[in-house]
Amino acid sequence: MFTGPGALPIAVAPNRSFDGRTGKVVIRSESGETLATHTVTERGAGCLFTVSPGEHTFTAYETYDGSGDNPFEVRVHAEPADCRWTASSSVSWLGWYTSFRLPPEGTGDGRFSIVSDWNMGAAPRTGEIVVSGLSGVNPDARLVVTQTGR
């Protein structure tokens with residue numbers, strides 16, 4: 001229970017639908033009287049992206065720079081098929097198995113391979129590969145990558 005003025009944070013999950021949506025946050029007193037109402041409107045996505053798989057675990061020494069190793073393949077599904085996307089890594093130890101290690105990009109469905117540097121530490125570590133639309137307004141798709149410690 002709160003009394004007096006204050007701020008109430010509102011978190012809204014990304015809209016993974018082509019349809020827009022609207023919701024209301026209503027603040028009421030103990031007696032049920034409406035004290036404040038806030039309407040939240042979120043437009044529908046123009047493009048939806050999914051990655052498969054959604055998670056992967058590398059062992060500590062599984063890959064290091066992609067040369068001669070077994071990179072791990074990530075599949076991207078884009079809907080509709082003319083949606084353009086690019087991939088990014090949230091951590092420096094997780095990268096691409098491509099020429100010049102440039103981030104992959106594409107239009108529609110696609111595939112790319114990732115590699116990781118060796119984990120010389122004892123603790124496991126976690127990072128993400130994020131596939132997002134070039135407009136920046138559509139929901140991202142994420143692959144969570146864990147690497148075991150040595």
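A residue is called buried under 20% relative accessible area, exposed over 50%, and partly exposed in between (1.4 Å probe, protein chains only). The model toured here is predicted: local features need pLDDT of at least 70, side-chain atom pairs count only at pLDDT 80 or more, and totals for chains, interfaces and linings use all residues. Residues are numbered from 1 along each chain as its sequence is written, and side-chain values use heavy atoms, with hydrogens and water left out.

Begin by selecting Phe112, which is buried at 5% relative accessibility. Ring pairs link Trp85, Trp96 and Phe112 into a cluster; rings of Phe, Tyr and Trp (its six-membered ring) pair if their centres lie within 6.5 Å, with planes under 30 degrees apart counted as stacked, over 60 as edge-to-face and the rest as tilted.

Next, select Tyr61 and Trp118. By the ring rule there are 4 aromatic pairs. In this one the centres are 5.3 Å apart and the planes stand at 90 degrees, so the pair is edge-to-face. Tyr61 is partly exposed at 42%, and Trp118 is partly exposed at 41%.

Finally, display the open sheet of 5 strands, ordered β4-β11-β10-β6-β8 with mixed pairing. Strands (E, at least two residues) are DSSP runs numbered from the N terminus, as are helices (H or I, at least four), and two strands pair if DSSP finds at least two bridges between them. Strands β10 and β11 (residues 141-147) run antiparallel, joined by 7 bridges; select Ile129 and its bridge partner in β11, Leu143. β4 and β11 run parallel, joined by 4 bridges, and His56 has Val145 in β11 as its bridge partner.
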